[in-house]
Amino acid sequence: MNTAEIAAYSRNFQASLPSTYLASSIDQLATRMTAAQITLFGDFHTLRQSQRGFLRILRHIRNREPQRPLMVALEIFNAEDQPVIDEFLAGRLPEDKFLKCIDYHNKWGFPWENYQPIVAFCAEQRIRVCGINSQFDTPNRLTRRDAFAARILNEWAANNPQHLCLCLIGEYHLADQHLLAHLNPAIKSVRVVNNIDEYAFSSKELPLDSTDYLQLAQDFFCVLNTAPWIKWQSLAMWEEFHASWDGTHGDDFDLYTEHQYDFDYQLLHILKALNQFMGLNVNTTDLSHFDLYIKPDKATRSYIKAKLKLTRAELSAAERRCEMDGFAYFSPSGTVLLREPSINRFAEIAGFYLYDMLQSRRRDARLNFMGRIERQVCGTLAASIMNPRRPRVSAEGLDLLRQPERILEDLARYNEKDRQQDFGLSRHLGEYLGSEIFQRLALGEGHRFEENLRRVFKGNLLTMLELFPLDQRSQVA
């Protein structure tokens, strides 16, 4: 694609962003959307949180107006493939065959895993999905794609005046003189962008939540649901993937398992950044003693089982944990099974590993129930440092943290209960406590932030709860 054309599209997009905004909500956004006919949601293709933000709004609209007919227009699909799309949504075509039939990996190429939940929700709810992309290999390619997509949307709006359309399309297309310039001006539309740097950095006075909604103009909104650096890191990772891919491997080529991309380097980079930020003083040479396995096959899992001397039950529990959480971590070896790489997971793994480094007394044996809670607290804190908008967890089971002496009195029973849940109980309690600690630290005095983080990483569960008693929600030690 012409880089000059992309640069011009980027400048036009930035120029279209209002300089002021008001705090808003998903309900206020939904009110404007349901008063319009088309909502254009700007997609940042490599950022999973972008697609998740769209899905959350789609679900909200469906729950709010369950009887109103909806249509989802997706740039990820070409219009010429509409018959195949309809077959897939009707359940008459398996997913792998569908992706091959539409040549997804060559025509689009961005991670299908990020978009699949949107398509699955539409299939479940019987929401029509319409492809609006086209393959123009000519000058002014982006302009022609805008005109092509607008023609489809204009025809749909004319034929379905009472329906509502949610369109997911690249954010640059949302500039004033791009897609909007080709839409019929009689069609009422709403624009939604997401995770724009200028708004993310200037909205610090707003209460920090996992998702914030800003109103930029009457029918123009912004969703903030991740840290800006994660957005650009996702693009850098994707570009580095594709810089080493010559396109000759076919649809079965999996970039996550190829040696050309160094995920060890990504994890090490995050470990070094966290170690330096918190002043933990872990020896730099000790930060690289982890073993990272991306999507391990059966032979690799058998190797890990033998190397770590795991029982069959322990390996099975780790595999289930990996399916639920995206990764499984083994103390004290620093071995990681990773189902699918992401910055948030790398940050959480880094927190686990730094905890292991600092709690060297525990590296001679696998962690007990209390140790697993402590480790999860550190993992949650590390992930929250890297992404302050990381979703928080519910307070279920909080009474146990308010009375930690109960754990000490019956540690064996809680160990067994945790194992029966594939270590889900310790994970949940650690996630909750880690989220609480981070929120209080973020509201406290800046110069004490790193100091208190060090105290948590070097302490134990009892000292964590002494520093941050759960009945004093706004205090910072």
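A cavity is a set of grid points where a 1.4 Å probe fits but cannot get out, and its lining residues have an atom within 4 Å of a point. The legends below describe close-up views of a predicted model.

**View 1. Lining of the second largest cavity.** In this predicted model, the second largest cavity is lined by Glu 75, Ile 132, Asn 133, Arg 145, Asp 146, Ala 149, Ile 169 and His 173. Strand 4 (128-133) and helix 8 (141-159) are the elements that give two or more residues to this lining, and helix 8 supplies the largest share, with three residues. By residue class, the lining of the second largest cavity divides into three nonpolar, two polar and three charged residues. The volume of this second largest cavity is about 40 Å³, and the structure as a whole holds three cavities of 30 Å³ or more.

**View 2. The largest nonpolar core.** The largest nonpolar core contains 64 residues, and the members that touch the most others within this core are Leu 274, Leu 292, Leu 354 and Leu 433. When neighbours within four places in sequence are left aside, Leu 354 is in contact with Leu 271, Leu 274, Asn 275, Met 278, Leu 280, Val 282, Leu 287 and Phe 457. In soluble globular proteins, nonpolar side chains tend to be buried together.

**View 3. A second, separate nonpolar core.** Apart from the core of 64 residues that includes Leu 354, there is a second, separate core of 43 residues, among them Leu 29, Ile 85, Leu 93 and Phe 110.

**View 4. Pro 117 in helix 7.** Pro 117 is found in helix 7, which spans residues 112-125. Because its relative accessibility is 31%, Pro 117 counts as partly exposed, a class that lies between buried, under 20%, and exposed, over 50%. The C-alpha atom of Pro 117 is separated by 7.8 Å from that of Leu 55, although these two residues are 62 residues apart along the chain.

**View 5. The chain as the setting for the close-ups.** The chain contains 22 helices and eleven strands, and 54% of its 477 residues count as buried. Among contacts in the chain between residues at least 6 apart in sequence, 75% join residues that are at least 24 apart. The accessible surface of the chain comes to about 21800 Å², and 49% of this surface belongs to carbon and sulfur atoms.

Terms used. Residues are numbered from 1 along each chain as its sequence is written. This is a predicted model: local features need pLDDT of at least 70, side-chain atom pairs count only at pLDDT 80 or more; totals for chains, interfaces and linings use all residues. Side-chain values use heavy atoms; hydrogens and water are left out. On a 1 Å grid over the protein atoms alone, a cavity is a set of points where a 1.4 Å probe fits but cannot get out, and a pocket is an open set with protein on both sides within 12 Å along at least five of seven lines; lining residues have an atom within 4 Å of a point. Grid points are joined across faces, edges and corners, and a volume is the space filled by probe spheres set on the points. Helices (H or I, at least four residues) and strands (E, at least two) are DSSP runs, numbered from the N terminus. Ala, Val, Leu, Ile, Met, Phe, Trp, Tyr, Cys and Pro count as nonpolar, Asp, Glu, Lys and Arg as charged, and the others, Gly among them, as polar. Buried means under 20% relative accessible area, exposed over 50%, partly exposed in between (1.4 Å probe, protein chains only). Contact means heavy atoms within 4.5 Å. Accessible areas come from the Shrake-Rupley method with a 1.4 Å probe; for residues, only the protein chains shown count as cover. A nonpolar core is a set of buried Ala, Val, Leu, Ile, Met, Phe, Trp, Tyr and Cys residues joined through side-chain atoms within 4.5 Å.
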